[in-house]
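Subject: Structure for you, with notes

Hi,

Here is the structure I promised to pass on. Please open it next to this email as you read.

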Amino acid sequence: MNKGSKILTLFLVSLLVSSSVVPLEARKHHHNKKSKHQKQRGGGKGSGSSPAPAPLPDYNQTQSTIFNILSFGAKGNGVFDDSKALIAAWKAACKIPGATLQIPSDYKFLIKPITLNGPCMPQLVLQIDGDVLAPPKVSSWSKSSLFQWLNFKWLHNFTIGGCGTVDGQGFNWWTVSTLYNNKKKGKHIPDMKPTALRFYSSYNVTVRDITIRNSPQCHLKFDNSGTVKVNNITISSPESSPNTDGIHLQNTQDVEIQHSNIGCGDDCVSIQTGCSNIHIHHITCGPGHGISLGGLGKDKSVACVSNIVVENISIQNTLSGVRIKTWQGGVGSVKNVSFSNIQVSDVKVPIMIDQYYCDKYRCKNQTGAVAISGIKYDQIIGSYTVQPIHLACSSQIPCIDVDLIGIQLNPSSGSRGFQSALCWNSYGKSQAPLVPSSIDYCLRRGSGAVRRIARSHDHACY
């Protein structure tokens with residue numbers, strides 16, 4: 001090979017080698033791109049031919065939504081204190097959307113006074129199928145726990161349901177002779193007694209199907225709440241149990257109570273100040289004191305109640321049927337209230353407005369009263385034992401726009417009550433049939449001056 005051929009050969013070889021070698025910087029860039037891709041797939045080491053690592057589990061999909069109190073250490077024997085287990089189960093369920101906290105059937109859970117706080121994830125359900133028991137001994141309740149037993153606060157979209165029982169075991173609270181600690185110390189039952197179930201500042205709440213019985217005081221209370229539904233529940237305590245209201249509403253709006261049976265030692269349903277848009281229907285009430293608005297205006301306080309509908313109710317063996325009761329000296333108004341299709345049996349006084357309400361032997365006479373207007377009694381039918389109707393309105397501020405329509409009330413067999421209606425300073429109209437006939441003369445015809453007087457006192461509720 002001549003010299004020129006050798007030079008050409010060397011040139012071709014060098015050109016071939018240079019085209020097959022990747023520069024250092026290019027190799028680094030290629031390696032970085034591969035590492036980034038591997039990290040996105042799990043960051044595993046090794047060559048690209050290795051299998052990709054398994055993805056991490058999605059806990060939101062695999063997390064159970066059922067929280068059984070037994071899984072949190074509850075014994076369910078009615079003796080062991082299961083309060084801590086309930087709180088632990090609540091905290092766990094509270095964090096999961098659509099969770100159910102189960103109180104299973106065939107168990108008895110002793111629970112001391114507790115507060116179950118929100119906010120929680122939506123659609124939380126407390127499913128009570130077993131028995132929940134309050135401490136039976138008065139001495140075991142601390143002074144700080146006397147306001148309520150089971151307290152629910154700051155909840156939204158929450159439901160209590162089930163076929164179980166919430167038992168306040170209140171018998172020892174009702175016996176005046178029972179001592180708070182023991183006879184040697186001489187301490188009696190405290191004046192304050194706990195409510196069984198209380199909701200505070202809660203919205204879109206449903207209570208359904210359960211039984212609540214023998215509360216030391218009120219059975220079910222809603223305070224500063226809204227959009228409440230109560231359906232198909234049973235409330236039961238003896239007629240002699242003092243101050244054991246069935247359902248108590250205060251500063252609560254947009255409530256429906258339906259298809260329930262309530263028997264207790266006080267009002268089956270009590271509607272207090274700050275309540276509006278309340279619908280109560282298909283309720284059986286008795287024993288007890290009937291369905292009441294008030295007492296309102298105690299100690300010259302402001303009371304505002306409006307837009308109340310009570311219909312399709314059966315009331316038996318109660319102190320009152322449907323009533324409005326206010327203290328002397330109060331301020332505010334009760335207006336737009338309808339009581340219709342009420343069947344009464346052996347009720348002492350089926351229809352009542354009492355603006356001289358007093359829970360003592362004697363109360364001081366005071367000027368001023370809560371103004372009452374727009375009250376309709378329609379189709380109140382049945383029997384009474386003391387008096388058919390009692391409308392005792394304030395002497396200073398008359399009741400106006402009161403309608404009595406289709407009232408048919410006859411004395412119970414063997415009754416020695418008054419046959420005539422009592423009406424004082426009440427204005428409105430009546431419509432037949434009316435039994436007894438004295439009801440037709442019960443209401444006075446109001447003038448413009450009367451209306452101005454009555455309406456000048458409800459400004460506090462605007």
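First, the ground rules. This is a predicted model, in which local features need pLDDT of at least 70 and side-chain atom pairs count only at pLDDT 80 or more, while totals for chains, interfaces and linings use all residues. Residues are numbered from 1 along each chain as its sequence is written, and side-chain values use heavy atoms, with hydrogens and water left out.

**The chain overall**

The secondary structure comes to six helices and 31 strands; these are DSSP runs numbered from the N terminus, with helices being H or I of at least four residues and strands E of at least two. Of the 462 residues, 46% count as buried, where buried means under 20% relative accessible area, exposed over 50% and partly exposed in between, using a 1.4 Å probe and protein chains only. Taking the contacts (heavy atoms within 4.5 Å) with a separation of 6 or more, 75% are between residues 24 or more positions apart.

**Empty space**

Rolling a probe the size of a water molecule over the atoms shows where empty space is left. The search uses a 1 Å grid over the protein atoms alone: a cavity is a set of points where a 1.4 Å probe fits but cannot get out, a pocket is an open set with protein on both sides within 12 Å along at least five of seven lines, and lining residues have an atom within 4 Å of a point. Grid points are joined across faces, edges and corners, and a volume is the space filled by probe spheres set on the points.

The whole structure has one cavity of 30 Å³ or more, and the largest cavity holds about 70 Å³ of space. Its lining includes Ile69, Leu86, Phe109, Leu126, Ile128, Leu150 and Phe152. Strands β6 (124-128) and β8 (148-153) each supply at least two of the lining residues. By type, this lining has 11 nonpolar residues, no polar and no charged. Here Ala, Val, Leu, Ile, Met, Phe, Trp, Tyr, Cys and Pro count as nonpolar, Asp, Glu, Lys and Arg as charged, and the others, Gly among them, as polar.

The largest pocket has a volume of about 900 Å³. Of its 33 lining residues, Gln217, Asn243, Asp245, His248 and Gln272 lie nearest the centre. The lining divides into 10 nonpolar, 13 polar and 10 charged residues, and β21 gives the largest share, three residues.

**Aromatic rings**

There are 12 aromatic pairs in the structure. Rings of Phe, Tyr and Trp (its six-membered ring) pair if their centres lie within 6.5 Å; planes under 30 degrees apart count as stacked, over 60 as edge-to-face and the rest as tilted.

Phe152 and Phe199 are stacked, because their ring centres are 5.0 Å apart and their planes are at 20 degrees. This pair links distant parts of the chain, with Phe152 in strand β8 and Phe199 in strand β11 (residues 195-200), 47 residues apart. Phe152 is buried at 2% relative accessibility, and Phe199 is buried at 0%.

Phe171 and Trp174 make an edge-to-face pair, because their centres are 4.9 Å apart and their planes are at 65 degrees. They sit three residues apart in helix α5 (residues 171-174), about one helical turn. Phe171 is partly exposed at 47%, whereas Trp174 is buried at 12%.

Ring pairs also link Trp90, Phe152, Phe158, Phe199 and Phe222 into a cluster. Leaving out residues up to four places away in sequence, Phe158 touches several others, among them Trp90, Leu126 and Asn204. Phe158 and Asn204 are 46 residues apart in sequence, yet 6.6 Å apart in space, C-alpha to C-alpha.

**Backbone**

Most residues other than glycine have a negative phi, and most peptide bonds are trans. Cis peptide bonds, with omega of about 0 degrees, join Ala432 to Pro433 and Val435 to Pro436. Pro433 is in the loop between β31 (426-431) and α6 (448-455), and Pro436 is also in the loop between β31 and α6.

Trp154 has a positive phi of about 60 degrees although it is not a glycine; its place is in the loop between β8 and β9.

Best wishes
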